[in-house]
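Look at the sequence and structure first.

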Amino acid sequence: MSSYHPEFSASEQSKIDAEFSRLAKNRSVYLDHAGTTLYAENQVKATAEELQRNVFCNPHTCRLTGDFVDQVRFKVLEFFNTTAEDYHVIFTANATAALSLVADNFDFGSSGDFHFCQENHTSVLGMRERVQANGIYMLRENEISGRLAKENGVRKQSEKTGNSLVTFSAQCNFSGYKIPLDAIGSIQNGGLSKPGKQIWGSRREKEESTQNDYYICLDAASFVATSPLDLQKYRPDYVCLSFYKIFGYPTGVGALLVSRRGAEAFGKRRFFGGGTINYAYPHAMDHQLRESFHQRYEDGTLPFLAIVGLLEGFRTLERLVPKTGEYGTMERISRHVFGLARYLENELKQLKHPNGEPLIQLYNKVGYQDKSRQGGIVAFNVRTESGSFVGFGEIACVAALHGILLRTGCFCNIGACQFYLNLDEDAMDAIYKRAGRICGDYFDLIDGQPTGAVRVSFGYMTTIRDVEEFLKMLRSSYLATKPQQRIQFIEDQAEQLPPLLKERVQLLRPKLLQMAIFPVKSCAAFKIETQGSWPLTDQGLKYDREWMIVDMNGMALTQKRCTELCLIKPVIRSNQLELRFGDDSSVSVPLSLEDQAADSAKCVSKVCRQPVEGLDCGDEVAQWLSQNLGLEGLRLLRQSGQRNSSKDQQKLSLVNQAQFLLLNKSSVRSLQFEEPLDETVDRFRANIIIDTGCAFEELAYKALSIGGIHFQVEGPCQRCDMICINQRTGERSPETLTTISRLQKGRMRFGIYITRIPQDTNNLEGKDQHMTCGDIVLVE
């Protein structure tokens, strides 16, 4: 059993709780501290009193304001255990603006390269558009944190031809993984043994990276929110941060900390503004920058009121989380959030479905044993009993309706998403280019695979009660509730959700993905998809199994005898059924039954031992079939007489058992065949394809509706070795049946037979009833 040991004493916790009483009043559980932490109530009150008590104005006018700004600058240096002798503090709008400042001003020289970590915030990727580097390279995390720094020591100054910049996050905002900060000194002193994957720049025959000096830009926004950064121990050249991540208030102010070494690598400014200059002539290209380093880069008037508000942020942290013994304020906060994350991770691992399958797929690298390697963030996805993924958009809906505020998606860190979700370059294109997903949306599943994750993250005000409430939500919604009940719960309260989540509610119900019409029994399908519509008749989908091929004895030919039947591809046009075999062999017959009957002979065959009246479609198509299939005496017959099911007298085409065969794509996905998913779907020759996100749940259906048309379930489809035939090649693969048998403990059920409920088929003639891809599927 997992256990939790609180970092704060009972009296300390009571003081913290009092500062965040608004959470209880609003019945909210806040778990998105990596997005922004929360401000304390007395923090903003004290800031307001400070503003009321003093007259703050432009620092150029008011000495008081300048003194406060200098005081904050000193406090920032103290907070990171350094001094003005070692680091400059440049105030920016946020960490993104700090990164932009580095990109604009770093001098790469003649051969310097820009290296960035794959698992970086989008803002780091944005640096690529501005850096004046010789080449741009993507490093994987292990190429930064592993023992890959060069062992040849510091390079000689005479060898230097340029400056290379390596940018990475101290803590991944996706997973909470912390890159060991020892990498800073290793790279500064020895460079990189591998430059990473080159994504821009001229290809050099031989790497000459040893001739560059290496500088480190540390994106510390996520890290410093809950962890101490000691700039006496670790000396990155540039540190980028946002203060709202630490204090919650104020927003709109961050900082770039620049070491003395880093300052030397800043080139000549290409822009100046506001108080960054001593003078600038309008009549000549002449200006002079300020002598103070930070003043040269703080363009325009500083957000001085926000900067003044930072002082109370520092005081609040020290007041609510005081230093005790060997542990300072930020070290204690780090211990607190890590303890909560470790407890949550242990509890999540215990959550299992009745069949023993885990509920949670966790995303981390080293687990939660060492807080120097893992922060107070837990990233995961939810899985169904069959192993399918639940879309993170649904989790966001459920959490919001339980008063739990968390984050879903990729968290502006697509590279980490790519790594943890194991997305290759084609999958990335499928998500962002072909499917049109954008950052911040709830497009959460593509072909059953997640495009993002769920993230919970902790701050010093998070309590163990918050974690328990979150666990309670997961247990009640995903272990004790059936999917249909959960969807109904969300739909009933959808008006309480934010606009984007309201839109996501529309996607909770499964939809009709595809219809497949098999005009000729046992031949290939004619598919309807992507919002396509198709008419219904009293026998099922129009033209489905209306024709069949018979041998010289009048017996129906199937793929059991002739696998090449799957290579005959039908195309339905306005008045013709065209049959194709290969690229250049085709034949056509009339779609109109009246036209066909005009000069066709009547005949009788059998389907499932039932006699079937038909029309012979003539010699031309018969000869074409015999020639392409290599069998003598083949004929094409079209059903002309009515055929009823033996059980309930439902009208049937040339199908074996029921009007429609429905297949759940999630069930097919669970087979995990080493072939494209759509090829596996084709093996089952279903008319109606849906995707519920939960494998085999369709086997429990009794009735359902699709786009308002009602169906009753006749039962599961008992499979034979027909599904062993690849419908695109005609090749057999016997393992298909054995896989289904193993999954279903010896049974061979896959897909369900469904039939239109009789009252819906009464007086159907004359009505234009269609099913359309995209119609909502409701289980009744």
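Helix H13 (residues 329-350) and helix H17 (residues 464-478) have axes that come within 10 Å and cross at roughly 20°. With angles under 35 degrees counted as roughly parallel, H13 is therefore roughly parallel to H17. The model is predicted.

**H13 against H17**

- The crossing of H13 and H17 is right-handed.
- H13 makes the contact through Leu 340, Tyr 343, Leu 344, Glu 347 and Leu 348.
- H17 contributes Ile 464, Val 467, Glu 468, Phe 470, Leu 471, Leu 474 and Arg 475 to the contact.
- By class, the residues of the contact of H13 with H17 are 9 nonpolar, no polar and 3 charged.

**Sheet E25-E26-E27**

- An open sheet is formed by 3 strands, in the order E25-E26-E27, with antiparallel pairing.
- Strand E25 (568-572) and strand E27 (585-590) are the edge strands, and each pairs on one side only.
- On average, neighbouring strands of this sheet are turned by 25° against each other, direction ignored.
- E25 pairs with strand E26 (residues 576-581) over 5 bridges, in the antiparallel sense.
- Opposite Ile 572 stands Leu 577 in E26.

**Helix across the sheet**

- Helix H21 (residues 619-629) lies across E25, E26 and E27.
- H21 runs at about 150° to E27.

Notes. Residues numbered from 1 in each chain as written. Predicted model: local features only at pLDDT ≥ 70, side-chain atom pairs only at ≥ 80, totals over all residues. Heavy atoms only, no water. Axes fitted to C-alpha atoms, helices over the stretch in contact; angles between N-to-C directions. Helix = DSSP H or I, 4+ residues; strand = E, 2+ residues; numbered from the N terminus. Parallel < 35°, antiparallel > 145°, perpendicular 65-115°, else oblique. Left-handed = near helix turned anticlockwise from the far one by under 90°. Contact = heavy atoms within 4.5 Å. Nonpolar A, V, L, I, M, F, W, Y, C, P; charged D, E, K, R; others polar. Pairing = 2+ DSSP bridges.
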